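Take one stop at a time.

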Amino acid sequence: MTRSVGNIGTDRERILRRLHARIRACTKCVDAGYLERARPVVAGSIRDRIAIVGQAPGAVELTTGEPFSGRSGAELRRWLAEAGIDEDHLPYRTAITKCFPGKSPAGGGDRRPSPVEIALCTPWLDQELALLRPRVILLLGGLAIDRFWGKVSLDDAVGRSRVKQGVTLIPLPHPSGASRWLNDPAHRELLRKGLAHVRRAARALDREASAPTMRVPRQKSAALPFTVALPKFADGRR
Ligand code: SF4
C-alpha cells in the first residue's frame, strides 16, 4: 500500500513524541551517580527544519520543563528575532545533555556536563536528529560546537557557517549571561555575522517552502553529517 506524504509526516511526528517520552523518562545519569535528579528537557515538532543544540538546561528549565525558558532563553529569542525567526516559529530545541547539571562548584554559572554524562546522553540526541533530519543546526556554545564542528575556539567558529552533508551548521555562543565572551565588541560583531547566517539560512528554507513559514513539511530529506541509528521501540517499529 502506498502511504501519502502526509501520513509519513504524521508517523514521524508520532515516533518523535514517543522518543520524547522515552527521553523524559531517562534516569541514566542518576543511576550512574552523576545527578541527584533527572528532569530531561526537550521541545519541538517533526516539522521543524531548524534545530538548536545547546549545552544543557538551566535551573529555570528544571522548573518549567521547557528548553530555553530562563534568562538565556530570553536572550536566545532576541537573537532569533534579529535573524527573522519569531516566537511562533521557534526551532526544535534540544541539548548535548538534557538535564540540569547543577551549579558549577567554582561559581560562575552552571556545571559543564562531564564527558561521561555527554556520552550517556548522546544516543538521545543522535536519535532526535535522525528522526528530525534538520536542514540547519544552530550550535549554541562550546560543547555543541565541539560535537558538530570540531574542537575550535569560539573566536574561530562564530561568524562562520558550513554545509556538511546537506546540513547547514551555524556556531553561536551560548546565550547564557555567565559567558564573558560577548563583552568584547569584536565578539559581538562575530555574533552579528553568525545571526546573519541564520537569517540567510531561514530565508532559504522559506523560499523552498510553499508558504512563508519555517514549520511546513520538508520538501526533501537531508543527510546528516554523522551516522546514527533510528530509534527502535519495544514493538520493533521505528
Ligand atoms: S542528561 Fe541525558 S542521559 Fe543523563 S539522565 Fe538526563 S536525559 Fe538521561
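Gln165 sits in the loop between β4 (162-164) and β5. The phi of Gln165 is near 50°, a positive value in a residue other than glycine. Most residues other than glycine have a negative phi. Is Gln165 buried or exposed? Gln165 has 9 C-beta neighbours inside 10 Å, so Gln165 counts as exposed. The rule takes C-beta atoms placed from the backbone and counts the others within 10 Å: 20 or more means buried, 12 or fewer means exposed, and anything in between means partly exposed.

This is a predicted model, where local features need pLDDT of at least 70, side-chain atom pairs count only at pLDDT 80 or more, and totals for chains, interfaces and linings use all residues. Residues are numbered from 1 along each chain as its sequence is written.

Now move to the loop between α3 (59-64) and α4, where Phe68 lies. Its phi is near 55°, again a positive value in a residue other than glycine. Phe68 is buried, because 26 other C-beta atoms lie within 10 Å. Glu66 is found in the loop between α3 and α4 too. With 15 C-beta neighbours inside 10 Å, Glu66 counts as partly exposed. Glu66 touches Val41, Ala43 and Glu61, not counting residues up to four places away in sequence. Two residues are in contact if their C-beta atoms, placed from the backbone, lie within 7 Å. Glu66 and Val41 are 25 residues apart in sequence, yet their C-alpha atoms are 6.2 Å apart in space.

Next comes helix α4 itself. Its 12 residues (71-82) should span 16 Å at 1.5 Å a residue, and its end C-alpha atoms are 17 Å apart, which agrees. The expected span is 1.5 Å times one less than the number of residues. Which residues of α4 are buried? They are Ser72, Gly73, Leu76 and Leu80. These cover an arc of only 95° around the axis, so they are on the same side of α4. The arc is that of the directions from the helix axis to the C-beta atoms. An α-helix has 3.6 residues a turn, so residues three or four places apart point the same way. The face turned away from the buried side of α4 carries the exposed residues Arg78 and Ala81. Just after α4, Gly84 takes a positive phi of about 90°.

Step back to the whole chain. It has 8 helices and 5 strands. Along the sequence they follow the pattern α-α-β-α-α-β-α-β-α-α-β-β-α. Of the 238 residues in the chain, 38% are buried. Take the contacts between residues at least 6 apart in sequence: 73% of them join residues at least 24 apart.

What lies inside? The largest nonpolar core has 51 residues. Such a core is a set of buried Ala, Val, Leu, Ile, Met, Phe, Trp, Tyr and Cys residues joined through C-beta atoms within 7 Å. Val53, Ile137, Leu138 and Leu139 have the most contacts inside this core. Helix α8 (residues 185-208) gives the most to this core, with 6 residues. Leaving aside neighbours within four places in sequence, Ile137 is in contact with Ala51, Val53, Phe148, Val167 and Leu169.

Follow α8 next. It has 24 residues and reaches 35 Å from its first C-alpha to its last, close to the 34 Å expected. Its buried residues include Leu190, Gly194, Leu195 and His197. Among the elements that cover the buried residues of α8 are β1 (50-54), α4, β3 (136-140) and β5 (167-172).

The last stop is the ligand. Around it are 14 residues, and the closest are Cys26, Cys29, Pro40, Cys99 and Cys121. The elements that give two or more residues to this shell are α2 (28-31) and α5 (115-132). The largest share, 4 residues, comes from α5. By type, the shell divides into 9 nonpolar, 2 polar and 3 charged residues. Here Ala, Val, Leu, Ile, Met, Phe, Trp, Tyr, Cys and Pro count as nonpolar, Asp, Glu, Lys and Arg as charged, and the others, Gly among them, as polar. A residue belongs near a molecule if its C-beta atom, placed from the backbone, lies within 6 Å of it.
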